[in-house]
Amino acid sequence: MGSILKTKILTTKEIEFFQEKIQVLLSTKGIHIEHSEVMALLQEAGAEVSPESGLVKFPIPLIEKALKQVPRKFTLAGIDPKYDMEFPHPQGLFYTRTCTGGMFYLNENDEYHHILLDEVAEWTRLIEALDNIDFWSLPSTNPVDFPAETIDIHTLNTVLRNTKKHGWVQPYEANNIKYLIEMAAAVVGGKDELRKRPIISAICCSVPALSFKYMDMNILYECCKAGVPIQACSLPAAGANVPITPSGIVLVASAEVLAMIIMAQLIAPGTPCIATPLLFEMDMQTTVTTQASIATTISRMMAMQLFAEGYDIPAHTYGTGTDSCLLDGQSGFEQASISHMVALSGASILGGAGQLETAKTISPQQLVIDNDIFGMVRQLKRGYVVDEETVGWDDIISLSGTDGFINKDHTYRYFRDGYRAKTFSRDSKTAWEGKGSKDIAARAKDYYLKLKNKYTPMELTKAVTDELDAIVTRADKELRKK
Amino acid sequence: MACYEELSESVVSGMRKKVIELVNELIAAGHEPMKIVNEGLLAGMGIVAEEFKNGEMFVPDVLMSAKCMNSGLEILKPLLSESDMKSQGKVIIATVQGDLHDIGKNLVGMLMESGGLEVIDLGVDVSPEKFVEAVKLHQPNILGMAALLTTTMICMKDTIDLLAKEGLRDKVKVMVGGAPLSQNYSDSIGADAFAPDAATAVTLCKSLIAQA
């Protein structure tokens with residue numbers, strides 16, 4: 001049995017400080033939302049709602065009641081049950097997710113362009129082949145040969161034909177969520193089945209600070225009605241639309257995330273929710289939004305610990321990523337730094353795999369490397385048990401002075417415990433030169449090409465593919481604006 | 001005794017009270033108001049622009065210096081004629097239809113104003129028709145459009161096409177910006193310039209205005 005490794009950045013008093021301030025924000029300052037049905041439901045549930053301004057305040061007893069209703073045990077289902085993700089993680093580890101919303105693709109030949117549907121298919125097949133990537137999220141595809149209004153629907157249509165894993169959908173328009181839910185239901189055999197086994201979860205976002213637009217309220221509303229789990233997301237940029245300090249961004253983001261979780265419980269008690277503060281920082285020299293500074297890592301650690309310890313709600317944030325535009329030393333350092341610290345701070349999900357350039361670009365080589373990084377970080381997170389068995393006491397106490405350990409049973413029992421990365425080199429220089437003196441990007445490319453040759457096609461029934469096609473055709477017709 | 005150099009240094013250092021004090025001293029000593037503006041306040045902002053471009057100053061520094069400059073200008077405004085107060089150019093900015101992201105756009109607006117440009121901010125979710133209406137009304141030098149989503153950036157071309165249809169395309173320079181954009185995309189839709197970040201947006205604007 002392993003001993004799970006943890007890093008605590010917040011003291012108990014600091015967790016309580018955040019909780020108290022969040023309570024004050026939600027009960028006295030309030031939030032602004034746009035969605036008349038949600039407002040009516042919240043008012044009926046006991047929130048103070050001003051329909052004209054959209055101001056909503058949550059009395060403290062209502063907050064406490066809602067938080068009690070948040071399910072602490074649930075499953076995000078895979079299309080194939082072998083990919084089910086149980087929360088809390090049965091071994092105390094974490095799940096992993098690919099980058100969402102990236103609009104550029106850097107392929108293995110260093111070609112860089114807006115993502116195309118063929119590449120979405122390719123990307124999804126790669127996700128399927130990687131053992132340490134647990135679920136997918138939708139890239140932001142370039143609308144070639146289909147309407148821009150249905151990018152998410154076409155993208156999901158492609159993804160569902162190439163994976164059996166769970167996925168995280170990000171609708172781009174208010175009404176698109178209904179079609180996305182329909183498509184997921186088509187794959188599992190209907191909306192009742194989707195409620196029992198939700199093969200998708202959905203992101204709904206705040207607009208910092210403390211404001212929620214119609215589109216995201218509609219996502220929340222439709223998902224609550226359908227029993228689709230919510231990954232309640234805040235995407236602030238420190239110094240731009242929230243305070244620049246780690247504690248400041250955490251407070252605002254956590255209040256926004258908690259507001260969505262509370263609303264979900266008031267609309268449909270028992271809706272599975274994952275707290276998903278995805279924190280960024282504005283670079284004060286270039287004005288570019290960044291995600292890999294140490295200050296941002298500190299913020300994420302705080303947010304993960306706050307939700308995990310303070311609220312006992314699964315927490316999810318970027319668990320890898322870089323501001324570098326290419327696979328280089330900077331990207332390596334940033335990915336290591338972020339993945340280690342976020343995993344050890346109590347995150348249930350490490351997101352953002354396969355990204356470069358602050359999540360704007362996805363790269364199959366990077367995804368393959370991230371797969372290895374997650375494998376290593378899982379090993380780290382497991383910690384290590386120290387006892388007579390693991391130290392090899394029997395062998396040590398009976399050492400004769402000329403023993404080797406290479407052929408001992410103890411070595412045989414334990415040598416496979418460590419994660420063996422496919423893209424990292426541990427060769428001698430001679431051997432490394434003999435293999436072509438390749439760097440990690442080149443080794444990742446080789447491994448990726450090897451995986452590509454072994455892809456097994458997914459098989460959806462004709463009835464399902466027909467239904468998916470029909471939904472997409474209808475969406476194109478109904479959602480196209482001109 | 002106050003001097004222009006001390007005034008410009010105070011602008012650079014973001015010392016608002018000192019700027020106000022020095023401006024008042026210079027006025028009391030009989031200095032020409034326009035000279036105080038040009039050789040004190042704007043000279044300071046010129047240094048700020050240079051240091052920012054060289055990576056020696058940061059955006060909050062620039063904004064603080066701009067606040068100081070404006071505090072000085074407020075005192076001098078009643079003493080200046082309307083022609084003296086002419087801006088370096090007029091810019092309309094907005095986020096395109098269907099897009100609610102505005103952080104970058106707001107920052108561009110602030111930096112443009114700090115740089116002496118007159119900025120008309122139409123907000124977010126602005127339709128091509130609204131852009132064209134604003135161009136007709138305000139007759140800007142530059143129309144700046146921002147988008148953060150691949151789904152919404154297509155509205156930029158719609159706006160450019162509508163400007164052409166209304167006979168306005170050659171009356172205004174179009175600059176675009178936002179995370180999903182690139183120089184290639186900007187060129188493909190017929191924009192005049194692509195700004196990869198807020199600081200470049202200001203430099204590009206001034207360059208386009210100077211060329212016109």
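This is a predicted model: local features need pLDDT of at least 70, side-chain atom pairs count only at pLDDT 80 or more; totals for chains, interfaces and linings use all residues.
Start with chains A and B together. Their contact draws 18 residues from chain A and 16 residues from chain B. Colour the chain A side by class: nine of its residues are nonpolar, seven polar and two charged.

Next, select residues 16–28 and 59–76 of chain B, which are helices H2 and H4. Their axes lie 9 Å apart, at an angle of about 30°. An angle under 35 degrees counts as roughly parallel, and H2(B) and H4(B) are therefore described that way. The crossing of H2(B) past H4(B) is right-handed.

To see the residues of this contact, show side chains on both helices. H2(B) contributes Arg16(B), Val19(B), Ile20(B), Val23(B) and Asn24(B). Facing them in H4(B) are Lys67(B), Cys68(B), Ser71(B), Gly72(B), Ile75(B) and Leu76(B). Six residues of the contact are nonpolar, three are polar and two are charged.

Now move to chain A and select Leu180(A), Ala202(A), Cys204(A), Leu220(A), Met260(A), Ile261(A) and Met263(A). These residues have the most contacts inside the largest nonpolar core, which has 143 residues.

Centre on Ala202(A). Beyond its neighbours within four places in sequence, Ala202(A) is in contact with Val169(A), Ile177(A), Ile219(A), Cys223(A), Val228(A), Ile230(A) and Gln231(A).

Finish with another core, apart from the largest one, with 67 residues. Select Met57(B), Met112(B), Leu143(B) and Ala195(B), which are among its members.

How values were computed
Residues are numbered from 1 along each chain as its sequence is written. Chains are lettered from A and ligands numbered from 1 in the order in which they are written. Two residues are in contact if their C-beta atoms, placed from the backbone, lie within 7 Å. Ala, Val, Leu, Ile, Met, Phe, Trp, Tyr, Cys and Pro count as nonpolar, Asp, Glu, Lys and Arg as charged, and the others, Gly among them, as polar. Axes are lines fitted to C-alpha atoms, for helices over the stretch in contact, and angles run from 0 to 180 degrees between N-to-C directions. Helices (H or I, at least four residues) and strands (E, at least two) are DSSP runs, numbered from the N terminus. Angles under 35 degrees count as roughly parallel, over 145 as roughly antiparallel, 65 to 115 as roughly perpendicular and the rest as oblique. A crossing is left-handed if the near helix is turned anticlockwise from the far one by less than a right angle, and right-handed if clockwise. A nonpolar core is a set of buried Ala, Val, Leu, Ile, Met, Phe, Trp, Tyr and Cys residues joined through C-beta atoms within 7 Å. A residue is buried if 20 or more other C-beta atoms lie within 10 Å of its own, exposed if 12 or fewer, and partly exposed in between; C-beta atoms are placed from the backbone.
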